[in-house]
Every structure is written in C-alpha cells, then in structure tokens.
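Please work through the exercises below with the sequence and the 3D view side by side, and try each task before reading its solution.

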Amino acid sequence: MRMKTVEISVGGFMIAGVLALIVLALKVSGLSLGADHQTYQVHAMFDNTGALKPRAKVALAGVIIGKVTQVSLDKHTYMARVDMEIDADIDNIPIDSTASIVTAGFLGEKYIGISVGGDEDYLKDGGRFEDTQSAVILEELIGKFLLGAVNKDDK
C-alpha cells in the first residue's frame with residue numbers, strides 16, 4: 001500500500017511540473033490562455049525596424065502597455081508599418097508622443113518604447129505616431145565608426 005502512495009505522489013509531482021513548464025512557456029512567448037482585455041489599435045511608420053517581431057512589447061516609462069501585432073512594408077512609402085495594440089486603460093497618450101524601437105540591453109530583444117509628448121489631444125483607435133525613431137543597427141554603427149577611422153587616417 002505504501003508503494004502505491006509513493007507512485008501516486010510522484011505522478012502528481014510530475015503532472016505539476018509539466019503544467020508549470022507549460023505556464024512558463026506561455027508567459028515567455030507572450031501568449032495567454034486568459035480572456036483578452038480591451039485594447040485599441042495604433043500604428044507607426046519606421047525607416048528600419050531592426051527585425052522587430054510581432055508580439056514584441058510596447059512600453060511606456062518601462063511599463064508594458066501593449067504589444068506589436070504586425071510588421072509590414074508599406075508599398076507606397078517603402079517604410080515599415082508597425083501595428084500595435086495598446087491597453088484600453090492607457091487612453092491618455094498625447095498625439096505628439098514619440099515611438100522608438102529600443103533594444104533591451106546590448107543585444108537583447110527589440111521593443112517599442114513610447115516617449116510622452118505634451119499635446120492635450122490623445123491617440124485614439126486607428127491613430128498614428130507621427131514622430132518615430134528607427135532601430136539602431138549595430139552593424140551600421142560599426143561601419144560608420146570604421147569608415148570614420150579610415151577617413152581620419154587619410155588626412
């Protein structure tokens with residue numbers, strides 16, 4: 001009888017461990033099993049997204065307020081269009097705010113960082129960030145640095 005109790009408890013711990021791994025995977029991936037909360041859609045146009053991906057976070061003052069839903073190419077302007085969902089609770093983002101593509105750490109994940117403007121009118125569903133800052137591409141910075149060093153040696 002004691003052996004069955006041990007086997008049942010080990011099985012219970014194994015099931016709990018598998019469930020914990022599933023919950024952890026969902027948290028890390030940005031997916032959820034819960035009901036979706038109210039959001040509104042906004043978008044921004046960028047020269048370069050630096051491999052920004054859907055489900056990347058949108059943050060304001062370091063607090064996650066939404067996520068990227070789609071990254072696509074606008075065929076008329078040849079710019080990247082980034083569609084975002086913002087939590088409906090955050091309904092007071094001024095229309096002159098800036099959307100920047102930021103890297104977490106030195107080589108970390110890319111996300112959208114919002115810098116608040118001062119206008120009294122707020123972004124609404126279907127709105128657009130007019131002021132944007134594209135991603136800083138490490139390879140471009142290194143290339144500019146090396147090219148600058150070569151040009152200095154020539155003089």
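The exercises that follow concern a predicted model, and each task comes with a worked solution.

**Exercise 1.** Determine where Asp83 is placed, whether Asp83 is buried or exposed, and which residues Asp83 touches.

Solution. Begin with the chain: Asp83 is found in strand S4, which covers residues 79-87. Next, take the relative accessible area of Asp83, which is 11%; since buried means under 20%, Asp83 counts as buried. Finally, leaving aside residues up to four places away in sequence, the contacts of Asp83 are Val42, His43, Lys67, Val68, Thr69 and Gln70.

**Exercise 2.** Describe the backbone angle phi and the setting of Arg55 and of Tyr78.

Solution. Start from the general rule that most residues other than glycine have a negative phi. Arg55 has a positive phi, near 75 degrees, and sits in the loop between strand S1 (39-46) and strand S2 (57-60). Tyr78 also has a positive phi, near 60 degrees, and belongs to the loop between strand S3 (63-74) and S4.

Notes. Residues numbered from 1 in each chain as written. Predicted model: local features only at pLDDT ≥ 70, side-chain atom pairs only at ≥ 80, totals over all residues. Heavy atoms only, no water. Helix = DSSP H or I, 4+ residues; strand = E, 2+ residues; numbered from the N terminus. Buried < 20%, exposed > 50% of the residue type's maximum accessible area, 1.4 Å probe, protein only. Contact = heavy atoms within 4.5 Å.
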